[in-house]
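The stops below are given in the order in which they may be selected.

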Amino acid sequence: MVSGCGSKLSEARKKEIKVNHYQLLDVSNNDIANASILEEFDSSVMLDLGIRQDTVFVKAIIDQDGLLNSGVEAVLEVRGPTIRYLEVFEKDYDGIYKSLGVAGTFKDKEGKLDQLNPYFDLDESKTGEFVYKVFAEEPISFETSVYEVDAFKMVVSRRMMLANIYVGIMLALFLYNLILYFSVRDKVYLIYCCYTLFISLAQLSLAGYASTIIFKSNFRLYEQSIIIFSALSGVFAVMFIRSFLKTRLLIPKLDKVLIFIGVLYFAILIVRLLSFIDVSYKMTDLAGMMVAIFFFCSAIVTAWKGYRPAIYFLVAWAFFLFGVVIFVLRNQGIEPLGDLSSYPMLIGTAVEAILLSLALANRINILKKEKEQQQHGKLEALKENERLIKEQNVILEEKVKLRTEELEQTLKNLQNTQTQLVNQEKMASLGQLTAGIAHEINNPINFVSSNISPLKRDVKDVLEIVEAYREKGKEEFSESSRKELEDLEEDLEFDYLIEEISMLLKGMEDGAKRTVEIVKGLRLFSRVDEQDVKKVDLHDGINSTLVLLNSTMGKIEVNKFYGEVPMVECLAGKINQVFMNIISNAIQALLEQGAKNENPAINITTSSNESTVKLEIEDNGPGMPEHVKERIFEPFFTTKAVGKGTGLGLSIVYKIIENHQGTLDVFSEEGRGTKFVIILPIYQKTPRNEQ
């Protein structure tokens with residue numbers, strides 16, 4: 001049966017005559033007979049004039065040797081399904097052009113057959129010259145053939161059968177993959193359904209079948225559908241290949257190119273809807289070229305990386321590209337597949353769709369195998385996890401025991417720290433209280449101090465009056481009165497009384513001065529309310545600290561070597577705390593030596609340069625071994641007995657100096673004393689608030 005059908009078609013081809021010469025005419029006032037020739041074309045296949053803005057006139061010339069015999073019923077077919085208006089004029093032997101009728105997409109199909117291409121009945125062959133009056137908004141491309149009527153009917157029937165077969169295959173594939181999508185819920189099947197749908201519609205529109213099957217007389221929708229369906233198929237093709245080949249994971253660089261192609265197709269859709277027809281066709285050609293290159297490259301790379309489904313895609317895409325090659329060869333006048341060369345894109349897309357459907361079907365087996373492997377892997381992982389858990393339990397028990405011991409030690413440290421913080425808070429409160437007491441004492445002691453001098457002056461005046469009375473009494477009083485007064489002076493020890501009054505006044509003056517110095521020292525040292533950086537005289541801070549520590553010094557000698565030091569920007573209370581900690585540590589170290597050190601001394605030296613102030617506090621005490629010196633600034637490190645020290649003093653001192661953007665160094669050797677060197681900037685670049 002196939003052989004019989006093939007022989008009939010072959011016989012029909014023999015009864016087909018193709019136009020092999022065209023002329024583009026310049027026609028004025030519809031005078032076709034006197035038209036001038038603008039351009040000539042020799043082509044036995046397809047004439048491509050591109051997009052033309054106006055109506056064009058084209059003369060088609062059939063070789064005289066190819067004319068059908070007179071009296072034979074014939075049909076002239078112009079295979080250009082996108083031509084909106086076509087009127088054909090036939091030249092008779094008298095040189096007169098007679099209209100054979102009007103056809104095109106703008107009107108309902110006329111004629112005996114439901115044929116996608118315009119065709120015209122020829123009563124008999126004449127001169128073989130025809131003139132086409134053509135108008136189309138889409139690119140104008142067509143080919144012309146003359147058939148015997150019976151051969152033409154057979155060709156038309158074959159075309160419609162091929163279209164129906166194509167529609168049936170693509171519809172079956174669409175429904176098959178749609179069912180798979182609802183079965184496995186894998187979005188790649190839904191994307192492929194959309195791709196199958198729109199690539200089918202695009203090919204039917206390009207071949208002209210969509211005009212006959214779908215859009216009927218709505219020629220504008222049909223013209224737009226060529227680019228719209230192509231753009232939508234391109235968008236879903238990009239989505240499909242990205243999902244099917246997993247390009248985002250396997251080839252991320254090429255994946256970005258694929259995304260760009262998808263965006264380009266979407267832009268083509270917008271451009272066509274905005275009626276930029278010429279631009280939309282050029283963009284479609286560009287996108288098609290990129291698709292042909294990068295789809296193939298993506299499949300090759302993913303296949304080379306061992307992704308098996310890429311092989312199916314390569315084979316399927318090869319068939320599609322094969323159809324494209326056949327289509328191009330046919331446009332060049334080469335028909336390697338004979339009559340099938342007229343339908344390469346339909347055949348190519350159908351085979352591609354079938355192979356991709358098989359690949360998607362195989363994907364189910366791959367997914368099933370991967371799922372089994374995952375389950376097996378999970379089972380093995382569970383066993384391994386069980387073994388590891390048992391081992392980890394033993395390790396965890398040991399770690400928990402060790403961690404418990406560490407936490408107990410940490411708890412002790414925290415308790416110590418808490419105690420220190422409480423003490424620090426108490427000291428802060430005590431500092432505030434001390435500052436208040438100093439303020440309250442300052443007023444009465446000032447009153448006492450200010451009254452001592454007038455009191456001394458008044459006592460002196462009284463003694464002068466008494467002395468005057470004594471001198472006058474010697475002359476004026478009687479012997480008995482003088483004797484009585486002398487006995488009274490002797491009983492009262494008047495001379496000692498005068499000396500004692502002088503001593504008492506001197507003691508009161510010294511005590512008042514001492515009290516004033518102590519109050520001043522308290523006020524300078526306990527500046528706990530100051531939280532802002534201020535300019536401070538460091539010498540005042542050192543002096544106030546020494547005043548407060550005076551009662552603990554014993555026979556320790558303090559030597560002050562003060563240089564010319566400018567006012568320094570700092571937190572006075574914090575700096576005083578530094579002096580207090582360092583000097584008190586020096587005093588304790590010297591006192592612990594006792595009689596071993598006959599001349600205990602502390603030397604305090606200050607100096608400055610353009611940007612910094614240097615303070616050196618040095619004692620001639622026992623010094624420190626190297627291993628102690630390396631750790632003295634560590635929190636909670638102390639060499640004192642339990643309850644004698646917390647180990648926080650020098651760590652706090654180091655932090656205070658660091659926050660003042662200064663440096664603190666210690667130099668010490670056993671038996672040769674210790675020296676602390678503090679360097680502070682005169683100006684603080686960044687004000688700091690210390691708590």
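**Before selecting anything**

This is a predicted model, in which local features need pLDDT of at least 70 and side-chain atom pairs count only at pLDDT 80 or more, while totals for chains, interfaces and linings use all residues. Residues are numbered from 1 along each chain as its sequence is written, and side-chain values use heavy atoms, with hydrogens and water left out.

**The whole chain**

Display the protein chain as a cartoon: it has 16 helices and 18 strands. Helices (H or I, at least four residues) and strands (E, at least two) are DSSP runs, numbered from the N terminus. Of the 691 residues in the chain, 39% are buried; buried means under 20% relative accessible area, exposed over 50% and partly exposed in between, with a 1.4 Å probe and protein chains only. Among contacts (heavy atoms within 4.5 Å) between residues at least 6 apart in sequence, 73% join residues at least 24 apart.

**Strand β10**

Select residues 129-135, which form strand β10. Because 5 of its 7 residues are buried, β10 is largely enclosed by the rest of the structure.

Rings of Phe, Tyr and Trp (its six-membered ring) pair if their centres lie within 6.5 Å; planes under 30 degrees apart count as stacked, over 60 as edge-to-face and the rest as tilted. The count by this rule is 11 aromatic pairs. Select Phe 198 and Phe 229, a tilted pair with 6.3 Å centre to centre and 45° between the planes. Phe 198 lies in helix α3 (residues 187-207) and Phe 229 in helix α5 (residues 219-244), so the pair ties together parts that are 31 residues apart in sequence. Phe 198 counts as buried at 16% relative accessibility, and Phe 229 is buried at 13%.

Then select Tyr 192, Tyr 195, Phe 240 and Phe 244, which ring pairs link into a cluster.

**Helix α13**

Select residues 538-549, the 12 residues of helix α13. From first C-alpha to last, α13 reaches 17 Å, close to the 16 Å expected at 1.5 Å times one less than the number of residues. Asp 537 caps the N-terminal end of α13, with a side-chain oxygen 3.0 Å from the backbone nitrogen of His 539. Buried residues of α13 include Leu 538, Ile 542 and Leu 549.

**Gln 593 in helix α14**

Which residues does Gln 593 contact, leaving aside its neighbours within four places in sequence? Select Gln 593, found in helix α14 (residues 572-593), and then show Asn 620, Gly 621 and Pro 622, with which Gln 593 is in contact. Gln 593 counts as buried because its relative accessibility is 18%.

Conventions: A polar contact is a pair of N or O atoms within 3.5 Å; within protein, one must be able to donate a hydrogen and the other to accept it, and residues adjacent in sequence count only if both atoms are side-chain atoms.
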